[in-house]
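These are my notebook entries on a structure that I looked up. I record what I checked and how each term was defined.

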Amino acid sequence: MKLLKDRIRKDGVIKEGNVLKVDSFLNHQMDVELFHEIGLEFKRRYEGEEINKILTIEASGIGIACVAAEVFKVPVVFAKKTQTKNIAGEVYTSKVESFTHGRVYDIRVAKQFLNKEDKVLIIDDFLANGKALEGLIELINESGATLVGAGIVIEKGFQVGGELIRSRGVRVESLAIVESMDEKTGEIVFRES
Ligand code: 5GP
């Protein structure tokens, strides 16, 4: 998606540890017009697929997922990272190892919002080592829902997540795949897509 790649080149900041900061339009300040274009592109890529729910993970996936959901005309469910008052048995849970924070945390979705009739598209901002995606897929599997695929805004193609998830037979559509990025020169190379 050219619009997105141009924006990453213009406003993305490469930090040490292979972290791409896109706080000015995606992760902190949010460019909702760009989000709308992203939503349309996900819709185009998943045209013809039956999707009745979008699943994401808090916090940074929520904004994009909401705008995309308006295009798809389906509800969004976000997996929560904090404990709620739900008692055991009322929630699906799985574990996620955070790339950016380096710790393991539980994620959860109330059972009433995910069930075997659902045909789910996962949406998230980044795909790095694939842990967030794996955690979300586990929640879907627990619920018996059908996973249609994943829509990722930025995939870091030099990390293992994309290959890992695709090798499990999951369709992953990433709108910008970063092949390499150089902290010193600021150069970002995208995979042809
Ligand atoms: P994964 O679980 O695939 O390793 O990492 C995915 C999650 O980590 C994303 O939801 C995102 O919040 C965060 N993340 C991973 N890499 C980056 C990065 O380079 N920049 C930013 N801003 N977030 C990242």
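I began with glycine 157, which I found in the loop between strand S8 (146-156) and helix H6 (161-167). Helices (H or I, at least four residues) and strands (E, at least two) are DSSP runs, numbered from the N terminus. The model is predicted: local features need pLDDT of at least 70, side-chain atom pairs count only at pLDDT 80 or more, and totals for chains, interfaces and linings use all residues. Residues are numbered from 1 along each chain as its sequence is written, and side-chain values use heavy atoms, with hydrogens and water left out.

I then looked up the surroundings of glycine 157. Leaving aside neighbours within four places in sequence, glycine 157 is in contact (heavy atoms within 4.5 Å) with Ile177, Val178 and Arg191. I also noted that the C-alpha atoms of glycine 157 and alanine 128 lie 7.6 Å apart, while the two residues are 29 apart in sequence.

Next I turned to the ligand. I noted 17 residues around the ligand (a heavy atom within 4 Å), and the closest are Leu20, Asn129, Gly130, Ala132 and Lys156. Strand S2 (19-21), strand S7 (119-127) and helix H5 (131-143) each supply at least two residues of this shell. The largest share, four residues, comes from S7.

Last, I checked the polar contacts (pairs of N or O atoms within 3.5 Å). A polar backbone atom of leucine 20 is 2.8 Å from a nitrogen atom of the ligand. For asparagine 129, a backbone N or O atom lies 2.7 Å from an oxygen atom of the ligand.

Notes: Polar contact = N/O pair within 3.5 Å; in protein donor to acceptor, adjacent residues only side chain to side chain.
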